[in-house]
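Here is a friendly walk through one protein model. Keep the sequence and the 3D view open while you read.

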Amino acid sequence: VSTHGIHWFPLYPEYTIPNLAYQFGIDVIRPAMYVEDYKDGAYWAGYLAHPEYMTETLTALIDDAIEVGIYVFVDWHIHNNPDNFTDDAIGFFVEMATRYGEYPNIIYEICNEPEYVSWAEVKSYANTVIPEIRAIDPDNIIVVGTEEWSQRIDLAAADPLVGYDNLLYAYHFYAGAHFGWVRERGDSALAQGLPMIVTEWGGSDYSGGSNGLFFEEEARILVGWMNQHNISWVNWSFSNKEETCSALIPEARLIGPWDDSKLTQSGRMIKELLR
């Protein structure tokens, strides 16, 4: 599962991730570390605003994942043109690779959802950041986001990065907004041999479910498609935000453990799928 923003919905070090591993049976956690300080005129208070705090918060969660023996994403959770913050990304990933590169648990996600930027620009950014990671960590998986909120997996398939091992491309979708074309586009990319991972999907619409609707039937169709193709997936989101894609009801605490009365419809479905 993926968390929501770790500064907005903080997890409890030494509790939340172990409880998720043992109770839900997760084998990967994706702590969403938001990057922007300001976005669309709003103060997001992400890594650029508080780099030391965000790094400390994230590393505590990475340490928990390593301790319980699951994979963990180092998620540069950007909603922007990633090239706007290339130097910051390099500094961050060099620090993370130096600290954690020896652990096989680590997955680097170098740009969550590129917005209003071409695949050529994302590719240029990736070709700048990836060598910096590989100079320190030659082995662990690196995930590259794709154009249009990581939905244009087909464009990456037509013009993939070259010269790297253990590289995956991110694909994102939501059951209440992205329908049959998701599977068709994914099938096309897979047919071209593109290695893919769904680092974010939910059973709501793309807003997260602020409209109160949850699309379980369509969500299960998408899960069936991912399982059919052996595509690893990460569900959005393990939080108690008041929206239908959240796994927890707003009154539930993130510390855990959680009986079914603390879970939303999404949370109960994800727990069932994982177990």
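What follows goes from the strands to the helices, then to the pockets and a few backbone details.

## Before we start

This is a predicted model, so to speak of a local feature takes a pLDDT of at least 70 and a side-chain atom pair counts only at pLDDT 80 or more, while totals for chains, interfaces and linings use all residues. Residues are numbered from 1 along each chain as its sequence is written, and side-chain values use heavy atoms, leaving out hydrogens and water.

Helices (H or I, at least four residues) and strands (E, at least two) are DSSP runs, numbered from the N terminus.

## The barrel

Eight strands make a closed barrel in the order β1-β2-β5-β7-β9-β10-β11-β12, with parallel pairing. Two strands pair if DSSP finds at least two bridges between them. From one strand to the next, the twist averages 25 degrees. Angles here run from 0 to 180 degrees between N-to-C directions, and axes are lines fitted to C-alpha atoms, for helices over the stretch in contact.

S2 has R30 of β2 as its bridge partner.

## Helices on the sheet and side by side

Helix α2 (residues 51-68) lies across β2, β5 and β7, at about 180 degrees to β2. Helix α9 (residues 265-274) packs on the sheet too, touching β11 (196-202) and β12, and its direction makes about 150 degrees with that of β12. Contact means heavy atoms within 4.5 Å.

Now for a helix pair. Two packed helices are described by the angle between their axes and the distance between the axes. The axes of α7 (residues 180-191) and α8 come within 11 Å and cross at roughly 10 degrees. The two are therefore roughly parallel to each other (angles under 35 degrees count as roughly parallel, over 145 as roughly antiparallel, 65 to 115 as roughly perpendicular and the rest as oblique). On the α7 side, V182, R183, G186, D187 and L190 make the contact, and on the α8 side E218, I221, L222 and W225 do. By class, that is five nonpolar, one polar and three charged residues. Ala, Val, Leu, Ile, Met, Phe, Trp, Tyr, Cys and Pro count as nonpolar, Asp, Glu, Lys and Arg as charged, and the others, Gly among them, as polar.

## Two pockets

A pocket is an open set of points on a 1 Å grid over the protein atoms alone, where a 1.4 Å probe fits, with protein on both sides within 12 Å along at least five of seven lines; lining residues have an atom within 4 Å of a point. Points are joined across faces, edges and corners, and a volume is the space filled by probe spheres set on them.

The largest pocket has a volume of about 530 Å³. Of its 24 lining residues, H79, E113, E200, Y206 and S207 are the closest to the centre. Strand β10 (residues 167-174) gives the most to this lining, three residues. The second largest pocket has a volume of about 410 Å³, and the closest to its centre, of 21 lining residues, are D27, V28, I197, S232 and W233. Its lining has 16 nonpolar, four polar and one charged residues.

## Backbone details

Most residues other than glycine have a negative phi, and most peptide bonds are trans. The bond from W236 to S237 is cis, with omega near 0 degrees, and S237 is in strand β12. Another cis bond joins G256 and P257, with omega about -5 degrees. D40, which is not a glycine, has a positive phi near 55 degrees.
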